[in-house]
Amino acid sequence: MASHLPLYEKIYIKRRFQRVMDTLMLLLLLLLLTYRFFSLLDSFTVPWFLAFLCESWFTFTWIVILNCKWSPAYTVTHLHRLLQHYQQEDELPAVDLFVATADPVLEPPIITANTVLSLLALDYPSNKLACYVSDDGCSPLTFYALVEASKFAKLWVPFCKKYNLQLTAPFRFFSTSHSNLISTEQDSHEFKQERSKMQDMYDKLSRKIEDVTAKAIPFPLDGEYASFLNTDRRNHPSIVKVILENKEGVCEGLPHLIYVSREKRPQHPHEYKAGAMNVLTRVSGLMSNAPFMLNVDCDMMVNNSKVVQHAMCILMDPHKGKEIAYVQCFQKVYDGIKDDPFGNQWVSAFEYIIRGMAGLQGPFYAGTNTFHRRSAMYGLYPHEIETGRNKEKLAESVLIKQFGSSNEFVKSVASALEGNSYSPNDDRSPSNFIKEAIKVSDCKYEHDTSWGSEMGWLYGSISEDVPTGINILKKGWRAESCTPEPAPFTGCAPGGLLSTIVQQKRWASGLTVVFFGKNSPLMGCLFGKLQFRAGLSYCWLTNWGLRSVYLVCYAALPPYCLITNTNFLPKGEGLMIPVAVFVIYYLNSLIEYVTIGLSLREWWNNQRMTIITTSTAWFIGFLSAMVKLLGISDTVFEITQKEHPSKTSGGNNNNNDEEKEEDAGRFTFEDSAVFVTGTTILIVQVTALLIKFMGLQPEAAGDDESGNGAGELVCSMLLVVCFWPYLKGLFKRGKYGIPFSTLCKSALLSFAFVQFSRYTINAA
């Protein structure tokens with residue numbers, strides 16, 4: 001009977017009060033639009049027309065948000081049933097683990113080493129795991145860190161499994177209190193002694209890696225490191241090295257650990273992270289060919305050592321498991337700055353929006369912390385799991401055309417599509433396939449194949465995760481969220497304004513390309529099996545860039561009206577409608593934050609950063625995407641800087657740590673187009689307020705109803721409050737001050753805006 005019981009359940013959450021508040025907000029928005037529409041019919045003005053367009057978009061956005069929020073769900077997994085379903089560990093399905101890194105400076109090797117160590121120590125049979133690290137920076141430092149970490153892993157992994165540790169990344173374990181430890185044996189003297197010994201060994205490991213990274217000790221490029229001689233990160237051959245190999249296939253050993261740096265040549269597009277993930281898919285298909293794959297970023301460390309078991313409960317469920325293509329695990333930010341000053345910890349978004357998407361066809365693929373079904377990545381449809389793929393489609397000639405010219409890899413593809421996988425008895429040692437792995441890592445291998453277009457990680461956008469997820473769901477697959485306690489993974493959020501802006505700009509640019517491309521949610525609904533509500537929920541994500549255009553336009557209306565002595569808000573009793581919209585929106589969001597235990601300060605920081613990020617990073621990202629879509633120039637992939645865990649690693653970075661603590665939560669600026677946008681918005685608002693208070697406005701045309709009132713004044717002042725860190729930056733120097741070149745550009749744009757506003761008065 002146990003084998004027929006469900007291995008997981010989806011629990012829907014009822015939030016009646018929030019539904020009432022959300023509905024009230026929608027009704028007020030519709031009332032405001034109706035009022036504007038009839039006012040425009042009576043007397044047409046440009047500010048009112050622009051306000052009507054912007055508020056129409058805001059109403060559509062609110063409908064999209066309601067669609068996401070109204071079906072929140074979480075999953076409950078039954079591990080004891082999984083163990084009853086698979087009575088022996090050898091029967092559990094194998095999982096290939098993918099770790100992606102691209103820059104040893106922005107993504108320090110010690111971080112990647114911690115992530116790999118946490119994966120190697122997962123509470124899962126070691127002979128069922130194989131860890132593949134993609135190094136797109138082709139760095140001998142990263143390889144060195146992995147080699148040294150593998151030596152430490154021989155003691156660290158048994159230690160984690162002996163004491164049933166949940167946190168399996170050494171950096172996180174040694175910097176966290178013992179409250180996360182669950183075994184009673186961990187109060188013993190033996191445990192404390194072993195823990196102290198492990199910490200000493202980890203400190204030596206981290207110092208060694210940091211010394212090499214900082215070039216404090218010489219790093220000879222000979223022996224196994226000779227492959228990195230005369231290589232450039234953008235011009236080098238494929239490098240594939242097996243660091244650890246579980247040749248005996250024993251459960252108590254260590255998983256395979258394979259380093260992969262795919263070939264890169266300047267004349268061949270490398271397709272950013274999507275290209276790297278497709279290479280890992282092919283290399284792992286040769287060496288282990290596990291039916292499931294977990295991909296994580298280099299800074300996503302295991303926080304729940306049983307996460308693979310939880311995911312298998314969903315993917316291997318006897319009733320609904322075969323419908324699920326991927327399982328998305330939510331993450332928790334570690335060492336986040338108090339009250340989230342830069343709005344990048346996403347606590348509220350995960351709780352309300354993404355959990356709401358989980359109640360539909362499934363959460364969006366977030367690019368990390370995701371378990372994939374290999375056959376779905378190979379283009380299999382859900383119904384083919386039961387019926388099997390047509391034999392004609394499994395013909396070797398067809399598969400070679402789709403998957404490339406490697407006969408050995410094509411055999412593994414056919415095996416995966418038929419639902420088979422290699423067993424340990426097949427004697428498929430990874431080291432036997434290095435030559436073939438180098439071949440499938442060649443930059444020309446994908447030429448005239450279906451990689452990146454119909455299967456695997458899709459190309460065409462620097463946000464490869466969203467189109468890949470849409471492509472999977474439009475074939476009829478479903479996705480599920482994995483929400484055990486504690487959270488499966490912890491990651492580091494950007495620690496400063498610049499890294500936050502870089503990340504947000506990259507996301508907005510990539511998502512805009514998706515929104516207007518062939519893999520948009522609309523196309524998935526019209527020509528695929530993406531469900532309507534699921535497709536609508538994806539609009540919340542993919543229209544970030546387009547949303548910025550309307551917000552920037554709306555932010556320009558208050559200063560324009562103050563300069564020209566016109567209005568875009570009603571007067572008298574009509575003003576109560578937008579005031580009610582404003583009050584209900586912020587009251588509703590405040591209640592949501594308080595309900596999940598967030599502070600008032602964090603609520604305000606997130607509201608402020610939403611306006612700043614949307615009108616700056618998203619706006620520049622949108623313009624960048626438009627340039628790409630018009631074929632003028634391609635977008636540039638910018639890597640987000642990862643925070644170095646030096647304060648617990650024993651490294652000699654005290655000065656850097658003090659500097660980071662001093663910068664924590666403070667706005668720093670540099671010469672970038674993103675800061676030009678924000679500074680321009682601020683200067684325009686301040687200029688308009690000065691014109692208002694100094695009485696430099698022209699006389700209102702027509703009756704008293706034509707001039708501006710309190711509404712425009714309050715809106716402009718609110719924007720100044722939101723951009724207050726920029727205002728302080730005008731009077732500071734160094735990295736805390738806005739650069740002079742940025743000030744000059746912003747002043748010029750602000751002057752042009754004021755002159756344009758005055759010109760429209762004269763023209764009228």
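**Figure 1. K273 is a buried residue in this predicted model**. Its relative accessible area is 16%. Buried means under 20%, so K273 falls on the buried side of the cut-off. The residue belongs to helix α8, which covers residues 272-287. Leaving aside residues up to four places away in sequence, K273 touches A100, N295, D297, G367 and E464.

**Figure 2. D297 is partly exposed**. Its relative accessibility is 21%. D297 lies in strand β7, made up of residues 292-297. Residues up to four places away in sequence are again left out of its contacts. Those that remain are V99, A100, T115, K273, G367 and T368.

**Figure 3. K273 and D297 carry a "binding site" feature in UniProt**. The annotation comes from an unreviewed entry. The two positions are spread over 25 residues of sequence, yet they cluster in space, with a largest C-alpha distance of 10.2 Å.

**Figure 4. The protein chain has 27 helices and 13 strands**. Its C-alpha trace spans about 90 × 60 × 55 Å along the principal axes. A compact globule of 764 residues would have a radius of gyration near 27 Å, and the 28 Å of the protein chain agrees. Of the 764 residues, 58% count as buried. Among contacts with a separation of 6 or more, 83% join residues 24 or more positions apart.

**Figure 5. The accessible surface of the protein chain comes to about 32,100 Å²**. Carbon and sulfur atoms hold 58% of that area. The chain has 71 positive and 74 negative side chains. The centres of these two sets lie 1 Å apart.

How values were computed. Residues numbered from 1 in each chain as written. Predicted model: local features only at pLDDT ≥ 70, side-chain atom pairs only at ≥ 80, totals over all residues. Heavy atoms only, no water. Helix = DSSP H or I, 4+ residues; strand = E, 2+ residues; numbered from the N terminus. Rg over C-alpha atoms; globule rule 2.2 N^0.38 Å. Buried < 20%, exposed > 50% of the residue type's maximum accessible area, 1.4 Å probe, protein only. Contact = heavy atoms within 4.5 Å. Areas by Shrake-Rupley, 256 points an atom, 1.4 Å probe, with all protein chains shown as cover. Lys, Arg positive; Asp, Glu negative; His and termini not counted. Charge placed at Lys NZ, Arg CZ, Asp CG, Glu CD. UniProt positions renumbered as here; feature names shortened; annotations may be inferred.
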